Amino acid sequence: MLFQIAWRNIWRNKSRSLVVISSIIIGVWAGIFILSFAWGLYKNNIDESVYRQLSHIQIHHPTFGDENDSKFTITNTGEKLKQLQSDNRIASVSSRVISTGMITSPTTASGVKIYGINPSSEVTQIRLNEYVSEGAYFDSGKENEILIGEKLAKKLKVKLKSKVVLTFTNTESEIISGAFRIGGIYKSKNISLDEVNVYVQQKHLQELLELKPTESNEIVILIKDENQLDTIKNFSIGVVPQGKIEDWKALSPELSMIIESFNLYTYIISGIILLALTFGIINTMLMSVLERIRELGMLMAIGLNKRKIFIMIMLETFYLTLIGTPIGLLIGWLTVTTLGKTGINLSMFSEGLASYGFSSVIYPALDQDKYVIIVTMCLITAILSAIYPAYKALQLNPSEAIRKI
């Protein structure tokens, strides 16, 4: 009987009930949208870092990371690449020769990180060819061709076909200089990297560094299924037993921290939105109780005990939440699904986003467990919001309440 009374009570003032339901719908939708947008932004940054820069796994000589010296190499690279490529769980494998030095133009100089790459294998690795905005991606056939970032080109005041000089030390700690011709200029979604990363033919850099053709400083692995990450790492240990094998989480701890902290963000963002919603529900339900003082007094006078009065008020709030939450959840899910396919274009902020490694198009996304968290928090909010109005109803004196005008 209490269930029926509570249901009828919420529709006695339809406008007020619809306002509360609308507030719940908007609150749930806002929570879902904000979280999905935040995760889409973070996931965009993670994917850009993994698929365009780090790859899933990197293998180096154990001392290379500490010294950052090209003389610390992985030997028999070709044989190791073949072994890794034989595993069908691996999408792409490539080797790189790495050195740090200075790039000099006729007007200025800048510090850079020099990557000696195999252009064909990097097409399936970091897909650098897709970012080339001027010139071409190593198609001249000349071994002294260099690919530089657009921001670095502006800094050096050079353009396509300009001549630049790279200066670095070889494996014997001797200073070496090499002249290169700019064959292409690229613009990635991470402007900070565009200013420091330059790419040359691996074979030519090996010759300048006096490395053997079978030696390299880095092997990078891109896998098909990230759930196989630990398994592939163990497999890589067998292929390169003397190497230092690190996944992208170890290489970039800040990206790993984003994932770990996102659950906390879920509770914080949802909590802030639901806290605002709480005050709205409390205010509405308190008004509902105060408007029915005489009626509640009558119910108490004819024998409805305080426990039932409390349950009735709680049920009214619960019903409102039970109506609003699924609708808000559905609208939120449809919004995330639609925008997850079309994306949100933030091209007006593209330069600022690119400086932090973010793309200008964000694809909102949200895991199912986050929906469950939001729904659970909404129900808890409804219950807590109803306690104070219900408590106020329990404080009524039946004899005084009946005479209330």
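Student: Is the crossing in which helix 13 passes helix 15 left-handed or right-handed?

Tutor: Helix 13 passes helix 15 in a right-handed crossing, the near helix being turned clockwise from the far one by less than a right angle. This is a predicted model, in which local features need pLDDT of at least 70 and side-chain atom pairs count only at pLDDT 80 or more, while totals for chains, interfaces and linings use all residues. Residues are numbered from 1 along each chain as its sequence is written, and side-chain values use heavy atoms, without hydrogens and water.

Student: At what angle do helix 13 and helix 15 pack?

Tutor: Helix 13 (residues 306-342) and helix 15 (residues 368-394) pack at about 155 degrees, with their axes 8 Å apart; the two are therefore roughly antiparallel (over 145 degrees). Their contact (heavy atoms within 4.5 Å) involves, among others, Phe310, Phe318 and Trp333 of helix 13 and Tyr371, Leu379 and Ile387 of helix 15, and its residues divide into 20 nonpolar, 3 polar and 1 charged.

Student: How is a pair of aromatic rings described?

Tutor: It is described by the distance of the centres and the angle of the planes. There are 5 aromatic pairs here (centres within 6.5 Å; stacked under 30 degrees, edge-to-face over 60, the rest tilted). The rings of tyrosine 115 and tyrosine 199 lie 5.4 Å apart at their centres with planes at 20 degrees, so this pair is stacked, and it links strand 3 (residues 109-117) with strand 8 (residues 197-201), tyrosine 115 and tyrosine 199 being 84 residues apart.

Student: Is tyrosine 199 buried or exposed?

Tutor: Tyrosine 199 is buried, at 8% relative accessible area (buried is under 20%, exposed over 50%), and tyrosine 115, at 12%, also counts as buried.

Key
Axes fitted to C-alpha atoms, helices over the stretch in contact; angles between N-to-C directions. Helix = DSSP H or I, 4+ residues; strand = E, 2+ residues; numbered from the N terminus. Parallel < 35°, antiparallel > 145°, perpendicular 65-115°, else oblique. Nonpolar A, V, L, I, M, F, W, Y, C, P; charged D, E, K, R; others polar. Phe/Tyr/Trp six-rings, centres within 6.5 Å; stacked < 30°, edge-to-face > 60°. Buried < 20%, exposed > 50% of the residue type's maximum accessible area, 1.4 Å probe, protein only.
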